[in-house]
Amino acid sequence: MSLLTKIFGGGGKGGKGPSPQEAIQKLRETEEMLSKKQEFLEKKIEQELQIAKKNGTKNKRAALQALKRKKRYEKQLAQIDGTLSTIEFQREALENANTNTEVLKNMGFAAKAMKSAHENMDIDKVDDLMQDITEQQELAQEISDAISKPVGFGEEFDEDELLAELDELEQEELDKNLLEIGGAENVPLPNVPSTSLPSRPAKKEEDEDDMEDLQRWAMQAM
């Protein structure tokens, strides 16, 4: 019985083959088993080498036997290394194939779903629908533009005429202000009173009275 038969099972010609997942799991288990075998052989090789060194000068026969066993272990280790490389390559290839199978399966499922979605669609009807949508959008834009324009009720005015009329109004207002100022200057002043104001005593008479009083006081003092 071959190694592959041991891994995947005997099964006759009419038997159903293992699934990719089952095969990948079996290969991983085989890799784990061979890795443990590698570790065991590496330890045995190191042990036999130490025995050969120990008995190299004392017991050559024992040293030679140890070296022979070491060679056999090394040969087995090399075989396991090759087997592991083959199994790893086969597992990776199987994993890639399984991945591709799943991808293709999902793509096929998506293609069927897309076909089902488009089953009731007619490309001509889609074109007509998009054309109708475009026309309605253009009509809506035209309506918006018409609504947004200012309404003038059909009347148009000359801006120069409006400016000239405004200048006339300003000139009238200026003339009116000037007339109001001129009228204020012609307001009549109050009349001068006709009666004379009471006269103030002359200062000279006051001085003469003061002089007489001074002379009288001087005479009395003598």
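**Entry 1**

I began with Val126, which is partly exposed at a relative accessible area of 34%. My scale here: buried is under 20% relative accessible area, exposed is over 50%, and partly exposed is in between, with a 1.4 Å probe and protein chains only. The model is a predicted one, so I kept local features to pLDDT of at least 70 and side-chain atom pairs to pLDDT 80 or more, while totals for chains, interfaces and linings use all residues. Residues are numbered from 1 along each chain as its sequence is written, and side-chain values use heavy atoms, with hydrogens and water left out.

Val126 sits in helix 4, residues 123-148. I took helices (H or I, at least four residues) and strands (E, at least two) as DSSP runs, numbered from the N terminus. Together with Met121, Ile123, Leu129, Met130 and Ile133, Val126 makes a nonpolar surface patch of about 560 Å². For a patch I needed residues with over 30% relative accessible area and no salt bridge; like charges are joined within 9 Å, and nonpolar side chains (Val, Leu, Ile, Met, Phe, Trp, Tyr) within 5 Å.

**Entry 2: the whole chain**

Next I stepped back to the chain. I found six helices and zero strands, in the order α-α-α-α-α-α along the sequence. Of its 222 residues, 10% count as buried. The chain exposes about 20,000 Å², and carbon and sulfur atoms supply 56% of that area. Accessible areas come from the Shrake-Rupley method with a 1.4 Å probe; for residues, only the protein chains shown count as cover.

I also looked at contacts, meaning heavy atoms within 4.5 Å. Among contacts between residues at least 6 apart in sequence, 73% join residues at least 24 apart.

Then confidence: pLDDT is the predictor's confidence in each residue, from 0 to 100. The chain has a mean of 79, and 72% of its residues reach 70 or more. Helix 1 (residues 3-8) is where confidence is lowest, at a mean of 50, and helix 2 is where it is highest, at 92. A note to myself: where pLDDT is low, the predicted coordinates should not be read in detail.

**Entry 3: helices 2 and 3**

I checked the lengths against the expected span, which is 1.5 Å times one less than the number of residues. Helix 2 has 35 residues and reaches 51 Å from first C-alpha to last, close to the 51 Å expected. Helix 3 (residues 60-117) has 58 residues, which should span 86 Å; its end C-alpha atoms are 84 Å apart, which agrees.

What do the buried residues of helix 3 pack against? They pack against helix 2 (20-54). The buried set in helix 3 includes Ala63, Tyr73, Leu77, Ile80, Leu84 and Ile87. On the helix 2 side, Ala23, Ile24, Leu27, Leu34, Leu41 and Ile45 are among the buried residues.

Lys70 of helix 3 is buried, at a relative accessible area of 13%. Leaving aside neighbours within four places in sequence, I see Lys70 in contact with Ile45, Glu48 and Leu49. Arg91, also in helix 3, is buried at 15%. Not counting residues up to four places away, Arg91 touches Ile24, Leu27, Arg28 and Glu31.

**Entry 4: salt bridges**

How many salt bridges does the structure hold? I get seven, taking a side-chain nitrogen of Lys or Arg within 4 Å of a carboxyl oxygen of Asp or Glu.

Glu95 forms one with Arg28, the closest N and O atoms being 2.8 Å apart. Glu95 lies in helix 3 and Arg28 in helix 2, so this pair ties together parts 67 residues apart in sequence. Glu31 and Arg91 meet in another, at 2.4 Å, N to O. This pair links distant parts of the chain too, with Glu31 in helix 2 and Arg91 in helix 3, 60 residues apart. Is Glu31 buried or exposed? Glu31 counts as buried, at 11% relative accessibility, whereas Arg28 is partly exposed at 43%.

Lys105 and Glu102 meet at 3.7 Å, N to O. Both lie in helix 3, three residues apart, about one turn of the helix. I can see why that spacing works: an α-helix has 3.6 residues a turn, so residues three or four places apart point the same way. Glu102 counts as partly exposed, at 31% relative accessibility.
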